[in-house]
Amino acid sequence: VNAQQLFNILSIACLYGLFAVGLNLIMGVARVLNLAQPAVFTWGALAAWLVISDLHAPAWLGFVAALAAGVVLGAALELAAFRPLRRRKADELTVAIASIGLLTILVGAARSATGASFLTFARGALPEGGVVLPGVIATPAQLAIIGVTLGLVLLLSLYLKLSANGIAIRAAVYSDEVAAINGVNVDRVYLATVIVGSALGALSGLLLGWSFNNVHYQMGEPFILRGIAIIFLGGFGSVPGALLGALVLAASEVLSVVYIGNGIRELVPFAMIVAVLLLRPQGLLPISHEDRA
Amino acid sequence: LSDLLDFLDAYQFLAFSVIILVALSLSTYVTMASGSLSLAAPAFMAIGAYSSALASIHWQVPFPIALLIAAAGGGAAAAGVAVLSARLRALYLALMTLAVDEIVVTVALLVPFTGGASGLSGIPFETNAGWMFGFAIALVLFFWRFSRSRTFRFLSAIRQSELAARSLGLDIFTARIATCAIGGVIAGVAGALSAHLDGFVSPTGFGFDLIITILTAIVLGGMAAWYGAVLGGIVVALVPHYLVAISSVREYVYGGILVLVLIFLPRGLASVRLPLRRTWANARSVASR
């Protein structure tokens with residue numbers, strides 16, 4: 001394994017990590033395994049493509065568009081489905097199945113919008129080429145993935161630890177009833193969490209679309225089981241757990257390609273889900289109830 | 001009668017696709033009868049399809065033997081998964097079985113003897129209307145008897161409260177494995193029938209899309225009774241037939257059914273009659289007083 005491969009593992013891990021932190025935030029706080037997250041991911045990339053390549057707007061507006069798509073979809077998912085289901089005391093499995101329905105609808109909408117074609121960003125619309133660092137050659141997209149993920153996760157952790165809203169979120173995780181008695185607007189906490197988690201997912205979609213210069217309605221599909229594998233591995237609801245799980249999955253995938261062969265890569269996330277469920281169902285970094293989120 | 005036969009002939013392939021989806025819904029329903037939803041029916045269907053196809057192509061076994069091989073393969077694989085996942089419940093079991101399905105599809109793409117992505121062709125065309133309708137009648141008879149059996153009441157007890165069932169001395173481990181094996185046998189036979197109907201098998205047919213279709217069928221039909229799974233399977237199999245003109249509409253319909261039914265009718269279509277029936281029972285008890 002050389003420095004270039006290690007760097008590639010780091011950038012893949014950060015991309016997976018950004019997606020999985022969003023997923024795990026929603027799982028930990030709102031107790032929803034949001035299987036529609038891969039469609040939000042796709043729509044993040046699509047929104048950016050529409051703004052950058054269709055409307056010829058500058059690249060930074062593409063990032064704004066991806067974030068906006070995440071915010072709008074997150075709010076829609078929570079208000080149209082997760083909140084009514086919570087009101088009716090639906091269990092975790094029922095909500096997860098409903099989110100598969102939302103996934104189906106959003107992927108269908110993405111197919112209608114793109115006509116099922118592969119879209120590429122116009123040449124030069126986003127930074128491309130290679131940046132030579134000591135020992136490795138990085139693409140601008142890889143650097144952005146690493147920078148955005150580490151920066152946002154750090155911000156998110158500080159926000160959850162220090163701000164008044166962060167404390168309210170952690171209180172709602174501990175017990176939504178006790179939090180409500182103490183004046184926390186629990187509905188607003190859930191809404192904010194699903195919005196933030198979806199925005200992270202949409203942003204990771206844009207970053208993947210940028211790094212492969214390819215936007216497609218099915219681009220989220222590989223992330224359905226990868227996301228599940230990562231949050232199982234890291235432990236439900238834990239932000240550091242999601243990052244560790246992403247690192248383990250990315251390393252296993254890259255190393256399996258290096259040492260065994262290309263075909264095996266697709267099996268890694270599934271094998272990981274089975275192994276974690278059978279051997280350590282609580283995940284690598286299980287969190288005591290008080291520390292969730 | 002000849003009109004009926006003409007009608008069946010014209011709509012034979014539609015009827016076959018309805019029967020296959022109903023079989024897969026029942027295969028999933030039977031795992032839920034003991035309270036644990038398994039999403040791996042497509043995986044066991046694939047195992048049945050490939051095992052009977054390979055046995056027919058390489059060993060020229062007669063079709064009934066190929067069906068038995070498919071049933072044994074699907075049942076054994078399902079029992080194996082059930083033993084491995086005996087400790088898992090609810091969401092965790094559903095996700096584990098989702099991963100099992102993806103593993104089977106990916107392995108079918110990778111190993112040489114399944115023909116990879118291009119699939120297996122040259123499977124003898126053996127499935128005819130007799131086999132298909134025979135399978136459908138066998139399923140209906142089985143579930144009709146099964147839902148009235150003592151075993152089924154054990155399973156319902158487990159579904160309603162595992163703790164209470166265990167304290168009554170019911171063997172939960174064996175019950176789970178038996179229901180999963182029955183589900184695997186049904187899915188395996190369905191796979192063999194569809195492989196020998198099309199003369200062709202490829203991994204793409206057994207992926208996440210099929211799981212969504214099955215989930216839509218059983219969510220729509222509901223978990224209240226086995227005929228819910230039948231009803232859901234029939235409706236969902238007919239949807240693409242009537243909406244084939246506009247491709248994405250199918251996705252909106254399936255997704256919409258999943259979300260709306262779970263919010264507004266969480267026990268599905270099979271539960272709709274229940275209030276009526278209760279009214280009827282009340283009326284009778286009032287009348288007899």
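## Helix 4 of chain B

In this predicted model, the cover over the buried residues of helix 4 of chain B includes helix 3 (41–59), helix 5 (90–110), helix 6 (129–146) and helix 9 (172–198) of chain B, where helices are DSSP runs (H or I, at least four residues) numbered from the N terminus, contact means heavy atoms within 4.5 Å, and buried means under 20% relative accessible area, exposed over 50% and partly exposed in between (1.4 Å probe, protein chains only). Among the buried residues of this helix are B:Phe63, B:Leu67, B:Gly74, B:Gly75 and B:Val81.

## Salt bridges in chain A

Over all chains there are 6 salt bridges, each a side-chain nitrogen of Lys or Arg within 4 Å of a carboxyl oxygen of Asp or Glu. A:Asp187 pairs with A:Arg83, with the closest N and O atoms 3.9 Å apart; because A:Asp187 lies in helix 8 (residues 186–212) and A:Arg83 in helix 3 (residues 59–87) of chain A, the pair ties together parts that are 104 residues apart in sequence. A:Arg87 also forms a salt bridge with A:Asp187, at 2.5 Å between the closest N and O atoms.

A:Glu253 forms a salt bridge with A:Arg226, the closest N and O atoms being 2.6 Å apart. A:Glu253 is buried at 0% relative accessibility, and A:Arg226 is buried at 5%.

## Basis of the values

Residues are numbered from 1 along each chain as its sequence is written, and chains are lettered from A in the order in which they are written. Local features need pLDDT of at least 70, side-chain atom pairs count only at pLDDT 80 or more, and totals for chains, interfaces and linings use all residues, while side-chain values use heavy atoms, with hydrogens and water left out.

Definitions and conventions
Helix = DSSP H or I, 4+ residues; strand = E, 2+ residues; numbered from the N terminus.
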